[in-house]
Amino acid sequence: MAASQQGILDLLSPYPPGWGGVLLSGAASTLAISGGAFLIGLALGTGGALGKLSGIRPLRLLLELYTTTIRAVPELILIVGLYYAGMDGLNRIFAMLNLPAFELNGFAVAIAVLGFVQGAYMTEVLRGAILAIPVGQIEAAKAFGMGPRLRFRRIILPALLPNALPGLANLWMSITKDSALVAVVGYQELALATRLAGASTKHYFVFFLASALLYLAITLVSNAIFKAIEHRVRRGQPKLA
Amino acid sequence: EVRFGIMNESYPPFFAKDASGKWQGWEIDMMNAVCEQMKEECSVVELSWDGLIPALQSKKFDVIWSSMANTSERSKVIDFTDKYYNTPSTLIGPKDQKTGATADDVKGKTIGIQVSTVQSEYYKKYFANVADEKTYQTLDEAFQDLLAGRIDYVFGDSLALDSFLKSDAGLDCCAKMGDVADDKDVLGAGVAGGLRKEDTDLKTKLNTAIAAVRANGKYDEITKKYFDFDIYGAN
Amino acid sequence: MTFSWVSSYWPLLLTGAWQTLALLVISVTFGFVIAIGLAFAQVSGGPILRSLARGYCTFFRGTPLLIQLWLLYYGVGSLLPMIPGIRQSLLWPILREGFFFAALSFTLNYAAYEAEVLRGALLAVPKGELEAGRAFGMRPFTLTRRIWLPRAIRIALPTIGGEIVMQLKATPLAFTVTVMDLYAVATKVRQDTLLVYEPLIVVTAFYLIITAIIARAFRFLEAQVPVRR
Amino acid sequence: MAELSSQALRVEELHKSFGSHQVLKGVSTTANQGDVISIIGSSGSGKSTFLRCINLLEMPDRGRVIVNGEEVALRRSRQGQMQPKSWRQVERIRSGLGMVFQSFNLWAHMTVLENVIEAPVHVLGISRREATEKADALLAKVGLYDKRDAYPAFLSGGQQQRTAIARALCIDPAVMLFDEPTSALDPELVGEVLKVIRDLADEGRTMLLVTHEMRFARDVSNHVLFLHEGRVEEEGPPQQIFDAPLSSRCREFTRTVHS
Amino acid sequence: MAELSSQALRVEELHKSFGSHQVLKGVSTTANQGDVISIIGSSGSGKSTFLRCINLLEMPDRGRVIVNGEEVALRRSRQGQMQPKSWRQVERIRSGLGMVFQSFNLWAHMTVLENVIEAPVHVLGISRREATEKADALLAKVGLYDKRDAYPAFLSGGQQQRTAIARALCIDPAVMLFDEPTSALDPELVGEVLKVIRDLADEGRTMLLVTHEMRFARDVSNHVLFLHEGRVEEEGPPQQIFDAPLSSRCREFTRTVHS
Ligand SMILES: Nc1ncnc2c1ncn2[C@@H]1O[C@H](COP(=O)(O)OP(=O)(O)OP(=O)(O)O)[C@@H](O)[C@H]1O
Ligand SMILES: Nc1ncnc2c1ncn2[C@@H]1O[C@H](COP(=O)(O)OP(=O)(O)OP(=O)(O)O)[C@@H](O)[C@H]1O
Ligand SMILES: [Mg+2]
Ligand SMILES: [Mg+2]
């Protein structure tokens, strides 16, 4: 028993040949990718939600197309398509125009694509959250001469957050797991690191458990953050039950 | 310079990444030998399996060197070098099961097979009418199900199955049921390097190098490090 | 673009599409029911119920679905045969299939995500409307069925639509437990033929249709009660 | 009623605080069948809280509530808060109390008609047909028949308030709790509501009515309660309260009616 | 104002429909500086809609709105709906119009004080210190100083309404739009609000006031508009409207005041 515990410790040691370091740096890139994609998604989603609610018909149809298609297309095909085929195509056009070929960072492309997808989901989450704000509060803001930006910052945002946070938290949770997709452009995050370690050592169980714990740690920390934000934005709300 | 594309997941003993990020294994040694022979600088690009073909086609690297078998379907899309190894296909199953690897033996049973391997083609041709297939992403998963009794056989590459049979779990439960009868059409072409169709120069260069490595004894030397038998297979 | 492979793979594609749909419908339906319980446990349950529900959501949202699936299939599932007589029982044909485990773990996972959405929506229902229900003598169950839940679901509709689409996109994981869903079929075709895009395009088309149907259905549901803007 | 008591509602020594802020410091009242009791008092004096305590939307800290001779059984929880012994009893009693909220609290996901028939159908178990007939009659009475399929968000303030009144009337309650039921209504409609209340009183129903319109209180009620600083400062028939109040605070408050 | 016009607000021929329901069928009015105009009419007659059209919360279908000599520039979109030419202009004009909503519409995530200083600080750019001082004075005036840190959900109806009034006053608007600002207030507070409105009128501010309290309308205003079926059925000084109305409909409506 002691020997096998020793074995597990060795396996998880942060220094090679232990895999702890690999897992940790995998977790770090998972966080970096997810964070980037989440922020891009937030920006796109906010714009998308406001656009959909703006009542401008062409814009609304365009965004409808965005949310339907982008959510439907598998992320893999988006990343592979954009990074390889898209860039290939561009470079060919550049070559015809006698321009130098360019090289995009695959990592950046993957983050951008994941962010783009997150944006589509967030558009719907935020649209729902805005619709749940009592319309009178927005009218009051208009009546006092607040412009759209001020209105958004001071009234709509604080009022939509309580409604949107659970959906946003869900998206964050799933992006931390979807980030595994960056492997197709050659980057290694937590999920891939786990599989590598498992395949090399055949100690699948140990590593899956270890990475589940790492994911859980990420979750617990983000849960605490989301909860703190929610507590803050729900100030002024009476208890329901 | 020649850039080799390798799948970024481990497939020991052919290629595996250790915790410090270094690649090693039979196929890596073979790659180095071939490079030495060609007197070329070599580098490794690692990608997920999904990314290999598009990356090859958009020139992120030049050769797929990742235990990819040359099948007729695949060679419609990319070109292959001459094979550099090929191993028989084997059935394994629980010890108490009757040995044998013909269609009669597997009648009414369930066979676990890794997705898109030559064995899956073989199954289609010889076993599909008599036995059920379960498809796995990796053989390790198939072994788990064999242990759990959810399938009766695992059908795969003999090397990988051997190493399972030698493990603790494998020793307890299972045994080799036998190699299947060879069929060059589905099993024969062997593992080779994948190339863009237009890179014919590189193809000749690699083929020459592979032949030379085999001829000068380097091939056997590398093989001996990992296996106690020849893996080149029949000519 | 070559699609000649479709002629030899179409039976597989069909069963794949069927499996995908079955997984989606099962997990969303049952998951939603569980989610309602979980959400109410968090919003109006006692301290024990509340922390149980919260723990459930944290675990299932916090760990990758893949790992949950593996734990169920290779962990729990491989212990099953040790129960004496189970191999002879009528359930064995179901229990030995990956589909059962995939459907089960998808349901549990979806429930956790959906519960979180519903929790937020339940809290967004104006207090006065609940009080009105109570003042008219509604039992907690009636209040929930007639006022609280319908109101909350309406608030959450756009988000729920998104969660279902996400669930659709998660079905390919079932392949890791040998379920040949549509995506798995496409993967197989890709690896067989080394065609990069074409098989995925077929999947995409299918997903697009499903997503469009979901979006349509939700737009219809949303339009049932007009909102003033 | 079995015990033939004519006491429709009795409240004894009701106390209620929010945090350290004592809102009710022992309020009692008794309403016989057919009584219309108006509750007046300045804004923030606890009128709404008083009504809400009666049907236990707010849990009183102390005191007794007896509806139709049946006392609402309360007990003190371990944390020292009051709780009903049986929620079933509370629900049963509530279904005999019609309430019109100060802020209407219409159900936003239901049309006017659906709002009105909701409680009859789903609490009292009346058939949908019957409930709809009754609701239509009530809506016609308050002048909202043509708005029956509109959602509350698209109604004017007074239309919302009338919907709330119709909703409360549709359950045929023995006791009605009105929290400023005419605040958003024009004088003509106030007159209509006055008539409705008188009719109800003649039918033997009991009403508690919070209002700021002194003239209305005087016209409609046979008993007036003046709440001040958490206590009943003065009570009596409207003639007394409005024409010859005993307490100086009450005199000051009701003076405006004559100016 | 540069052009020294004494016309603070002019509305010409305002039309507004919701779907097929024509609510306003051409309503005009002119308010000079210091005018207090009361708008009366039955529930659902379009009083709130009229106020909301003035600051373009509802887009009128037809008509002109001129605030302090500046016309709100409107154009017709391709779909045939009216739109402001410049939202900037609309926002600027709105920030000079204080509005008290019929349903208060307080911002739920802000305390009473924060509600009141929100517009002064973030729209007018007044320093937070200064705004708070002013807000405190106003809150004290409406008797809410001790509730300044409470959130709206925990206020009584009248307290919410007073917060809404303080919020509107705090931006020192040239024109005030009050939608039933006293509906939830007790008679004493109504008297207070009356005083506030008179003071404001003396300062030269202009007020449009929707109310159901005829006595209040008579006491506070120098001009009364009676809205009926989408039109101004009768208008004039309060004496005329309440004591000698020309139209029979108006007579009927205001009769209750004397009963
Ligand atoms: N957003 C809307 N959509 C459709 N109809 C509306 C909308 N807002 C108001 N109405 C209708 O327009 C009419 C006038 O409404 P408005 O709110 O102006 O009435 P009001 O005179 O203020 O009445 P009250 O005294 O009851 O507040 C009403 O019949 C109302 O139902
Ligand atoms: N949920 C609550 N939490 C804290 N304080 C509250 C709560 N509800 C009411 N209050 C306070 O209790 C007091 C009485 O409120 P209540 O609503 O009973 O007044 P009211 O007499 O109905 O006044 P109004 O005539 O303005 O409606 C007020 O000061 C109010 O701020
Ligand atoms: Mg009140
Ligand atoms: Mg109105």
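**Exercise 1. Are Ser48(E) and Gln102(E) buried or exposed?**

Let's work through this predicted model one step at a time.

Step 1. Start with the cut-off: a residue counts as buried when its relative accessible area is under 20%.
Step 2. Ser48(E) and Gln102(E) are both buried.

**Exercise 2. Find which atoms coordinate the magnesium ion (ligand 4), and where they sit in chain E.**

Step 1. Look around the magnesium ion: OG of Ser48(E) and OE1 of Gln102(E) coordinate this ion, at 1.9 to 2.2 Å.
Step 2. Place each residue. Ser48(E) belongs to helix H1 (residues 47–54) of chain E, while Gln102(E) lies in the loop between strand E8 (97–100) and helix H3 (112–122).

**Exercise 3. Work out whether the radius of gyration of chain B agrees with that of a compact globule.**

Step 1. Chain B has 235 residues, and a compact globule with that number would have a radius of gyration near 18 Å.
Step 2. The value for chain B is 18 Å, which agrees.
Step 3. Chain B contains nine helices and 12 strands, and 57% of its residues count as buried.
Step 4. Turn to contacts between residues at least 6 apart in sequence: in chain B, 69% of them join residues at least 24 apart.
Step 5. Finish with the surface: chain B exposes about 9700 Å², with carbon and sulfur atoms supplying 47% of that area.

**Exercise 4. Describe the region of chain D that UniProt lists as "domain: ABC transporter".**

Step 1. The unreviewed UniProt entry gives residues 9–254 of chain D.
Step 2. Over those residues the chain is 37% helix and 28% strand.
Step 3. The end C-alpha atoms of this stretch are 26 Å apart.

Note on methods:
Residues numbered from 1 in each chain as written. Chains lettered and ligands numbered in written order. Predicted model: local features only at pLDDT ≥ 70, side-chain atom pairs only at ≥ 80, totals over all residues. Heavy atoms only, no water. UniProt positions renumbered as here; feature names shortened; annotations may be inferred. Helix = DSSP H or I, 4+ residues; strand = E, 2+ residues; numbered from the N terminus. Donors = N, O, S within 2.8 Å, 3.2 Å for Na, K, Ca; no water. Buried < 20%, exposed > 50% of the residue type's maximum accessible area, 1.4 Å probe, protein only. Rg over C-alpha atoms; globule rule 2.2 N^0.38 Å. Contact = heavy atoms within 4.5 Å. Areas by Shrake-Rupley, 256 points an atom, 1.4 Å probe, with all protein chains shown as cover.
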